Amino acid sequence: MIGFENVRKEYPGGTLAVEDFTLEIASHEAVALVGTSGSGKTTLMRMINRMVDPTSGRVTIDGEDVAAMDPVRLRRSVGYVMQASGLLPHRTVLDNITTVPVLRGTAKGAARERARELMDTVGLDPALATRYPGQLSGGQQQRVGVARGLAADPNILLMDEPFGAVDPIVRRELQQELMHLQRDLKKTIVFVTHDIDEAFLIGDRVVLLKPGGVIAQIGTPQEILAEPADDFVASFVGADRGVRTLHVERVDGRDVVVDADGRAAGVLETRAAAGRGSAGDGSTGESSSGDLPSGDQPTGATSP
Ligand SMILES: Nc1ncnc2c1ncn2[C@@H]1O[C@H](COP(=O)(O)OP(=O)(O)O)[C@@H](O)[C@H]1O
Ligand SMILES: [Mg+2]
């Protein structure tokens with residue numbers, strides 16, 4: 001569990017990066033901090049592993065104040081994946097992944113074996129082990145970054161816009177893989193992003209930040225979409241522009257869900273049709289969506 005208790009951060013020079021931030025993150029939970037640039041996301045994240053110390057307030061891990069922990073040991077026990085992968089350019093992929101475990105005293109052979117397993121876990125070709133970061137694509141570099149973050153088998157994984165620098169298709173792939181990984185690994189993940197879609201995808205809960213680390217809303221993606229706390233949140237999630245509004249069009253006897261731009265997002269199945277109990281749409285609960293009377297099409301938002 002990670003706790004922020006009335007945390008404030010004023011940088012030398014007077015910037016008030018975080019005014020007064022309180023949050024509890026449960027063990028095994030993935031929390032996405034999302035907000036525009038400068039809203040204090042990186043500052044908050046770095047207070048967890050003491051790369052930044054709060055001006056006042058406390059940050060705890062499993063109830064223990066991080067201020068009382070040795071910063072070097074703390075940093076080695078918490079996985080950290082950053083935007084530009086942060087790889088050491090003059091070390092091979094394998095050596096980048098083994099750096100922290102070796103520093104922590106793992107025998108080199110064992111660390112390398114584990115690194116090869118991790119390369120497989122994050123979808124890296126074993127042949128890349130001897131390459132240098134500059135010889136990899138952006139997506140491959142980020143995969144190495146994730147493998148390195150996991151190398152010490154940390155309970156906590158901090159990810160600061162880890163997929164921000166790769167192209168949208170690769171980003172989508174990396175996001176999906178992280179979600180699959182998390183299903184098995186069940187780490188406590190703090191994931192920073194300025195991309196609300198990414199936050200909704202990765203976060204069990206999403207924390208929407210205004211400048212100064214002010215919490216605009218905390219909730220599951222469903223809760224935030226269903227009930228944006230204020231105009232700021234509505235605007236951030238695109239609710240005010242109808243971006244999140246989906247509607248249903250009837251095509252060849254099937255209900256196709258269409259987004260605000262008229263693009264098909266998928267085919268609507270009732271719960272009953274999907275074999276998961278009764279339809280919650282006011283229909284008779286028959287298993288086929290084909291028996292909805294035409295003209296009786298549900299409208300409004302639906303979730304994927
Ligand atoms: N080391 C620093 N010294 C002074 N100001 C900083 C420092 N790091 C961040 N800031 C300022 O604190 C605010 C929050 O920054 P940051 O936490 O990096 O935001 P985000 O990650 O949300 O973009 C910004 O105004 C930024 O300029
Ligand atoms: Mg940042």
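Leu-209 lies in strand 9. Strands here are DSSP runs of E with at least two residues, helices are runs of H or I with at least four, and both are numbered from the N terminus. The model is predicted: local features need pLDDT of at least 70, side-chain atom pairs count only at pLDDT 80 or more, and totals for chains, interfaces and linings use all residues. Residues are numbered from 1 along each chain as its sequence is written, while chains are lettered from A and ligands numbered from 1 in the order in which they are written.

Stay with Leu-209 for a moment. Is Leu-209 buried or exposed? Leu-209 is buried, because 24 other C-beta atoms lie within 10 Å. The cut-offs are simple: 20 or more other C-beta atoms within 10 Å of a residue's own means buried, 12 or fewer means exposed, and anything in between means partly exposed, with C-beta atoms placed from the backbone.

Leu-33 is 176 residues away in sequence, yet the two C-alpha atoms are 7.1 Å apart in space. Leaving out residues up to four places away in sequence, Leu-209 touches Leu-33, Val-34, Gly-35, Ser-39, Gly-40, Lys-41, Val-214, Ile-215 and Ala-216. Touching, or being in contact, means that two C-beta atoms, placed from the backbone, lie within 7 Å.

Val-207 sits in strand 9 too, which covers residues 205-210. Val-207 counts as buried because it has 25 C-beta neighbours inside 10 Å. Its C-alpha atom is separated by 7.2 Å from that of Val-31, 176 residues apart along the chain. With residues up to four places away in sequence not counted, Val-207 touches Leu-23, Val-31, Ala-32, Leu-33, Ile-215 and Ile-218.

Now step back to the whole chain. How many helices and strands does the chain have? There are nine helices and 13 strands. Of the 304 residues, 33% are buried. Take the contacts between residues at least 6 apart in sequence: 58% of them join residues at least 24 apart.

Next comes the ligand. Which residues surround ligand 1? They are Tyr-11, Gly-13, Thr-15, Ala-17, Gly-35, Ser-37, Gly-38, Ser-39, Gly-40, Lys-41, Thr-42 and Thr-43. A residue counts as near a molecule if its C-beta atom, placed from the backbone, lies within 6 Å of it. This shell holds two nonpolar, nine polar and one charged residue. Here Ala, Val, Leu, Ile, Met, Phe, Trp, Tyr, Cys and Pro count as nonpolar, Asp, Glu, Lys and Arg as charged, and the others, Gly among them, as polar.

Helix 1 (residues 41-48) gives the most to this shell, with three residues. Seven of the eight residues of helix 1 are buried, so helix 1 is largely enclosed by the rest of the structure. The buried ones are Lys-41, Thr-42, Thr-43, Leu-44, Met-45, Met-47 and Ile-48. After helix 1 comes Arg-50, with a positive phi near 60°.

Most residues other than glycine have a negative phi. Two more residues go the other way. Lys-186 is not a glycine, but its phi is positive, about 50°. Lys-186 is placed in the loop between helix 6 (168-185) and strand 8 (188-193). It counts as partly exposed because it has 13 C-beta neighbours inside 10 Å. Asp-252 is not a glycine either, and has a positive phi of about 50°. Asp-252 is found in the loop between strand 11 (247-251) and strand 12 (254-258). With 6 C-beta neighbours inside 10 Å, Asp-252 counts as exposed.

Look now at a pair of helices. Helix 3 (residues 93-103) and helix 4 (residues 108-121) pack at about 125°, with axes 9 Å apart. The axes are lines fitted to C-alpha atoms over the stretch in contact, and angles run from 0 to 180 degrees between N-to-C directions. Helix 3 and helix 4 are therefore oblique to each other. Angles under 35 degrees count as roughly parallel, over 145 as roughly antiparallel, 65 to 115 as roughly perpendicular, and the rest as oblique. On the helix 3 side, Leu-94, Ile-97, Thr-98, Pro-101 and Val-102 meet Lys-108, Ala-111, Arg-112, Arg-114, Ala-115 and Leu-118 of helix 4. The residues of this contact divide into seven nonpolar, one polar and three charged.
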